[in-house]
Amino acid sequence: MNKTYIFGHKKPDTESVMSAISLSYLKNQIGDNTEPRVLGPINKETTYALNYFKVEEPKKIEKVEDGQAVMLVDHNEFGQSAEGIEKAKIKDVDNIFRLYIERMQWFKDNNIEQWTRYIQNHPIEEFIEVI
């Protein structure tokens, strides 16, 4: 089975990168064959988060080939996407941002010490589930 690339917008921030990683992980758990990608260099905040959670940085992709299966996260406009996206096979546009907003209420209701303890005492799978 060919891989489906999952990526966010051209200027990858933490939300875009983590959304691609999380969705790829979840899709692979149900039998899909996916890989997260980024469309540009990641910022220091995202690098810190990836290092903190011991998660590998996704490979960079600038262009998609004709017919390449892709899933888009954190964007839905061709101008924000990879070169060649018009000819890709877009399998899904998943805006994890909606789920993120819903989950943020939990973070607002808890202080930073509780959040830090949660991160330190739970496996990455549970963190992804919270996102």
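A contact here means heavy atoms within 4.5 Å.

**Figure 1. Overall fold of the predicted model.** The protein chain contains five helices and five strands. Read from the N terminus, its elements follow the order β-α-β-α-β-β-β-α-α-α. Among the contacts with a separation of 6 or more, 58% are between residues 24 or more positions apart. Of the 131 residues in the protein chain, 40% are buried. The accessible surface amounts to about 8300 Å², and carbon and sulfur atoms contribute 49% of this area.

**Figure 2. Packing of helix α1 against helix α2.** Two packed helices are described by the angle between their axes and the distance between the axes. The axes of α1 (residues 14-29) and α2 (residues 44-52) come within 9 Å and cross at roughly 35 degrees. Helix α1 contributes Thr14, Val17, Met18 and Ile21 to the contact, while helix α2 contributes Glu45, Thr46, Ala49 and Leu50. Classified by side chain, the contact of α1 with α2 comprises five nonpolar, two polar and one charged residues.

**Figure 3. Salt-bridge network of Lys3, Glu35 and Arg37.** The side chains of lysine 3 and glutamate 35 form a salt bridge, with an N to O distance of 3.5 Å. This pair links distant parts of the chain, as lysine 3 belongs to the segment before β1 (4-7) and glutamate 35 to strand β2 (residues 34-38), 32 residues apart. Glutamate 35 also meets the side chain of arginine 37 in a salt bridge, here at 2.7 Å, N to O. Lysine 3 has a relative accessible area of 32% and is therefore partly exposed. Arginine 37, by contrast, is classed as buried because its relative accessible area is 9%, below the limit of 20%.

Figure 4. Leaving aside neighbours within four places in sequence, lysine 60 is in contact with Val38, Leu39, Gly40 and Pro41. The C-alpha atoms of lysine 60 and leucine 39 are 5.6 Å apart, although 21 residues separate the two along the chain. A salt bridge joins the side chains of lysine 60 and glutamate 62 (3.4 Å, N to O). Lysine 60 is partly exposed, with a relative accessibility of 48%, whereas glutamate 62, at 56%, counts as exposed.

**Figure 5. Nonpolar surface patch made by Phe78, Ile90 and Val93.** The patch covers about 240 Å². Phenylalanine 78 is located in the loop between β4 (69-73) and β5 (89-94). With a relative accessible area of 43%, phenylalanine 78 is partly exposed.

Conventions: Residues are numbered from 1 along each chain as its sequence is written. This is a predicted model: local features need pLDDT of at least 70, side-chain atom pairs count only at pLDDT 80 or more; totals for chains, interfaces and linings use all residues. Side-chain values use heavy atoms; hydrogens and water are left out. Axes are lines fitted to C-alpha atoms, for helices over the stretch in contact, and angles run from 0 to 180 degrees between N-to-C directions. Helices (H or I, at least four residues) and strands (E, at least two) are DSSP runs, numbered from the N terminus. Ala, Val, Leu, Ile, Met, Phe, Trp, Tyr, Cys and Pro count as nonpolar, Asp, Glu, Lys and Arg as charged, and the others, Gly among them, as polar. Patches are made of residues with over 30% relative accessible area and no salt bridge: like charges are joined within 9 Å, nonpolar side chains (Val, Leu, Ile, Met, Phe, Trp, Tyr) within 5 Å. Accessible areas come from the Shrake-Rupley method with a 1.4 Å probe; for residues, only the protein chains shown count as cover. A salt bridge is a side-chain nitrogen of Lys or Arg within 4 Å of a carboxyl oxygen of Asp or Glu. Buried means under 20% relative accessible area, exposed over 50%, partly exposed in between (1.4 Å probe, protein chains only).
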